[in-house]
Amino acid sequence: MDKAQMKKGVLELCILHICSEQDRYGYEIMKLVTEAFPEINESTIYAVLRRLHADGCTESYTGSVSGGPQRKYYRITPAGRSLLQANLAAWNKARDLIEDLLKEET
């Protein structure tokens, strides 16, 4: 797996996790991700969010907060929950393999 694919997988995992906690609007998702990964630009995050939406992993609706502007909210779908679980399992497996490798080095 190359660096770009790994980054895409991590972003996908993070965005799906954020959406699984509660419905979120796009800017809120972007802010949460950039807090954790400040080196990733906003356009990359929105591109992953749009792709997840196009793939049916999230659905959206329009709402507003206390008379503020209309916002596009995203929520995870059953397909998104399945992908989140698969990505989480892959992440945990990779983490365990790396931990085992590092233990062998010491």
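Leaving aside its neighbours within four places in sequence, which residues is E12 in contact with? Taking contact to mean heavy atoms within 4.5 Å, the partners of E12 are V48, R51, L52, L83 and N87. The structure examined here is a predicted model, in which local features need pLDDT of at least 70 and side-chain atom pairs count only at pLDDT 80 or more, while totals for chains, interfaces and linings use all residues. Residues are numbered from 1 along each chain as its sequence is written, and side-chain values use heavy atoms, with hydrogens and water left out.

E12 itself belongs to helix α1, residues 3–21; helices here are DSSP runs of H or I with at least four residues, numbered from the N terminus. With a relative accessibility of 8%, E12 counts as buried, a class that means under 20% relative accessible area, against over 50% for exposed and in between for partly exposed (1.4 Å probe, protein chains only). The E12 side chain also makes a polar contact with the side chain of R51, at 2.8 Å. Such a contact is a pair of N or O atoms within 3.5 Å; within protein, one must be able to donate a hydrogen and the other to accept it, and residues adjacent in sequence count only if both atoms are side-chain atoms.

Attention now turns to helix α3. Buried in α3 are I45, V48, L49 and L52. These residues cover an arc of only 100° around the axis, which puts them on the same side of α3, the arc being that of the directions from the helix axis to the C-beta atoms. On the other side of α3, R50 and A54 are exposed. Helix α3 also holds H53, which is partly exposed at 26% relative accessible area. Beyond its neighbours within four places in sequence, H53 is in contact with T58, E59, S60 and Y74. Just after α3, G56 adopts a positive phi of about 85°.

The cysteines complete the picture. With a disulfide taken as a pair of cysteine sulfur atoms within 2.5 Å, the count comes to zero. For C14, the nearest cysteine sulfur is that of C19, 11 Å away. C14 is partly exposed, at 21% relative accessibility. For C19, the nearest cysteine sulfur is that of C57, 10 Å away, and C19 is buried at 2% relative accessible area.

How values were computed
Helix = DSSP H or I, 4+ residues; strand = E, 2+ residues; numbered from the N terminus.
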